[in-house]
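Please consider the structure shown below. The explanation that follows treats a pair of helices and then the surroundings of the ligand.

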Amino acid sequence: MTASVLVLNGPNLNLLGTREPETYGRETLADIEAACTRRAEALGLAVTFRQSNAEGELVDWIQQARGTHDVLVVNAGAYTHTSVAILDALLACEVPVIEVHLSNIHRREDFRHHSYVSRAAVGMIAGLGGHGYELALEAAARMVETG
Ligand code: DQA
C-alpha cells in the first residue's frame, strides 16, 4: 500500500512569494506544493498538501489524520509559537510529525525560538526554505520504510 503524507501549512504561508521575501524567499506555496508532489511521486508516497489561516481548521485536519495518513509534515507558521491546541491535536493523533520552517527560527526573534509543535515532533527542519519540505518527505519515506 502507498504510504500517505499530509503536509499542513499554517497562517500567512498562502502569501509566500510576496511575503517578506528576504526571510521566506520568492517561491510561492504553489511552487512548494508542486515540488512536493514531484518528490513524493519519486519516493512512492501519496501526498496531500493543505494551508489554512484558521487554528481550528488546522486542529480539525490533524484530528482527521489519525488512521488516514502515515506521516504529518507541519509548518504551523506563527501558531508554532502560540498554539497549545495544535500541540494537543498532534499529541492525540498518533501520527509521526516532522516539523518544517522555511526560516531558521533560532536565528530570529526570541519569541520564535520556542515551538509547541516540537514537543510532538520526531524532528525539525528549519532554515532551508522550500527545500526543507522535500527533505521532510525523504525523512517520511525512510520512517515508513523502517517502521
Ligand atoms: C515560519 C516561522 C514562523 O515564526 C512564522 O510565524 C511563519 C513562518 C517559517 O516557515 O519560517 O509564519 O513557520
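An axis here is a line fitted to C-alpha atoms, for helices over the stretch in contact, and angles between N-to-C directions run from 0 to 180 degrees. The model is predicted. Two packed helices are described by the angle between their axes and the distance between the axes. In this model, helix 3 spans residues 55–65 and helix 4 spans residues 84–93; their axes come within 9 Å and cross at roughly 5°. Angles under 35 degrees count as roughly parallel, and helix 3 and helix 4 are therefore roughly parallel to each other.

The residues that form this contact can be listed from both sides. Helix 3 contributes Glu55, Leu58, Val59 and Ile62, which meet Ala85, Ile86, Ala89, Leu90 and Cys93 of helix 4. By class, the contact comprises 8 nonpolar residues, no polar residues and 1 charged residue.

Attention now turns to the ligand. Around the ligand are Arg19, Tyr24, Asn75, Gly77, Ala78, His81, His101, Leu102, Ser103, Ile105 and Arg112. Among them, Leu102 places a backbone N or O atom 2.8 Å from an oxygen atom of the ligand. Ser103 has a polar side-chain atom 2.6 Å from a ligand oxygen atom, and a polar side-chain atom of Arg112 lies 2.9 Å from an oxygen atom of the ligand. On its own, the ligand has 320 Å² of accessible area, of which the protein covers 99%.

Notes:
Residues numbered from 1 in each chain as written. Predicted model: local features only at pLDDT ≥ 70, side-chain atom pairs only at ≥ 80, totals over all residues. Heavy atoms only, no water. Helix = DSSP H or I, 4+ residues; strand = E, 2+ residues; numbered from the N terminus. Parallel < 35°, antiparallel > 145°, perpendicular 65-115°, else oblique. Contact = heavy atoms within 4.5 Å. Nonpolar A, V, L, I, M, F, W, Y, C, P; charged D, E, K, R; others polar. Near = heavy atom within 4 Å. Polar contact = N/O pair within 3.5 Å; in protein donor to acceptor, adjacent residues only side chain to side chain. Areas by Shrake-Rupley, 256 points an atom, 1.4 Å probe, with all protein chains shown as cover.
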